[in-house]
Amino acid sequence: MDFTAELARSNLDPAVAASLTAQLAKVDHQAQELRLKDLKIQALTLELAHHRRITFGVKSEAFPPEQRDLFDDACDEDGAAIVAEIEQQQAPASVPRQHKPTGRKALPAELPRVEHRHEPEACTCGQCGRDLVKIGEDVSEQLDVEPARFFVHRHIRPQYACRGCETITAAPVPPAIIDGGLAAPGLHAWVLIQKFLGHLPLYRIEQISTRHGVPIARSTLAQWIGQLGVRLQPLVDRLSERLKAGQVLHADETPVQQLDPGKGKTKRAYLWAYRSNDLNNGPPIVVFDYRTSRSGEHVRDFLRDWRGHLMVDDYGGYKALFQQGVTELACLAHARRKFFELHSAMMNHPVAEEALRRIGELYAIEAEARDDDVAARRLRRQQDAVPKLHALHDWLITQRQTAAPGGGLARAIDYSLKRWPALARYAETGHLPIDNNPCENAIRPICLGKKNWLFAGSERAGQRAAAIQSLLATARLNGLEPLAWLRDTLEKLPAWPNSRIDELLPLRTTAAA
């Protein structure tokens, strides 16, 4: 009801009407201020919940989120200790402990076995003295480990002389990854794995070697890593070429700190990640590219003349590519995240809950089509996903009309509607990905490793780390054991022809020579 218009039509005294009109205007102004404050409180609550979840909460976006105990490990340890203490109190010391089936998963069959046979003290019956007959055997297995074991390869090359020709013959010294170096390929590989997969700084690797009686100076370790990075770079360059041969790529970036010499502090750099598409044929590949900023020119420089579908988030640095023949794919997981954060912050927001349910149905279709070929997946998406996408789009538009401008719900809906063509594009085919999770998963171990190494020592060090991480991460994606692959590669690389470099790449389709 318009109270101001009603007052104008009434026969009230003009002074009274003017006073009432002023009061109504004041009430309207206060109501508007309250609405603005509510929107600001909602936005701040959403932002605070997001930061709390990042800092203290569960990183998984499972719905509903599983509440994890921060002290799970300690509880498990204490529980096992209590059970052991009870058993120790209940069982007399003289009674031998009986092996109990645990229901554990069998140990991997490919692990080497060291057999220990335990025979009875006597082969005759303790009751009547007759010979015992074997009727079976009880087999139990225990897992063991050998710490890093240092040993020396001693190469002996006998020299033979021809007295008639006065010549000397000996086996040639094979080329090495570092000429005249002290370390064998196995040690080089171990150092790289400790630094780039174990995320150990060099001083800790030095301490490990010292504990084993072989002190290796940090300066020596640093020299090895610098030289090995140069030797492995051709493999990384070829891996990048193989990656960009695909027509669908993922891209993402994460900040890293780089030492700023002379200033006694660090500056922000970025590690860009480029990932192949799992829905296409071919081995998975990930390549990391270290750059000193987040500028979009870096991704344009890496991709150069590449054209295809690129799965990215909403960062503006990618936008110029979409004006140069690259087709944008938007990440549905990012769109989902906006509603997940709203649902978590606003205590089971009903609209956010419904959005999560609808998006969950789209992911359920993808799970059912996981093992389909491209044609079958395309058919399933057209029959099942496309109608649900249309319904989701219409529902979002309807909800946006009633959402308070500037509020958390409005921002979550706007994120999806603004990028809707790129979000829904995957369902037109059978080979385009639904989200950017493969790239985020590839970059996650490096994000965790940053807590150990803290910063890159220089731009060159960052580029070297990105190159070696590309090889090791790709090896893991292809189911290769990184240490075994790297040791074999470092042995072969010095004499390997460049024309056959693809055979050394850490790809599961590569035939080892």
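A: L249 has its bridge partner in strand 6, namely L310. The model is a predicted one, in which local features need pLDDT of at least 70 and side-chain atom pairs count only at pLDDT 80 or more, whereas totals for chains, interfaces and linings use all residues. Residues are numbered from 1 along each chain as its sequence is written, and side-chain values use heavy atoms, with hydrogens and water left out.

The bridge between L249 and L310 belongs to the parallel pairing of strand 3 (residues 248–260) with strand 6 (residues 309–312), which extends over three bridges. Strands here are DSSP runs of E with at least two residues, helices are runs of H or I with at least four, and both are numbered from the N terminus. Two strands pair if DSSP finds at least two bridges between them. Strand 6 also runs parallel to strand 7 (residues 327–330), and four bridges join them. V312 is bridged to A330 of strand 7.

The account now turns to helix 8 (332–345). The axes of helix 8 and helix 11 (residues 408–418) come within 9 Å and cross at roughly 170 degrees. Axes are lines fitted to C-alpha atoms, for helices over the stretch in contact, with angles from 0 to 180 degrees between N-to-C directions. Helix 8 is therefore roughly antiparallel to helix 11, a term for angles over 145 degrees. Helix 8 makes the contact (heavy atoms within 4.5 Å) through H334, A335, K338, F339 and L342, and helix 11 through G408, L409, A412, I413, Y415 and S416. By class, this contact has seven nonpolar, three polar and one charged residues. Ala, Val, Leu, Ile, Met, Phe, Trp, Tyr, Cys and Pro count as nonpolar, Asp, Glu, Lys and Arg as charged, and the others, Gly among them, as polar.

A search of the whole structure finds one cavity of 30 Å³ or more. A cavity is a set of points on a 1 Å grid over the protein atoms alone where a 1.4 Å probe fits but cannot get out, and lining residues have an atom within 4 Å of a point. The largest cavity has a volume of about 40 Å³, volume being the space filled by probe spheres set on the points, which are joined across faces, edges and corners. Its lining includes L332, A335, F339, S416 and W420. Helix 8 gives the most to this lining, with three residues. Helix 9 (350–368), helix 10 (374–402) and helix 12 (420–424) each supply at least two. The lining comprises nine nonpolar residues, one polar and no charged.

Technical notes
On a 1 Å grid over the protein atoms alone, a cavity is a set of points where a 1.4 Å probe fits but cannot get out, and a pocket is an open set with protein on both sides within 12 Å along at least five of seven lines; lining residues have an atom within 4 Å of a point. Angles under 35 degrees count as roughly parallel, over 145 as roughly antiparallel, 65 to 115 as roughly perpendicular and the rest as oblique.
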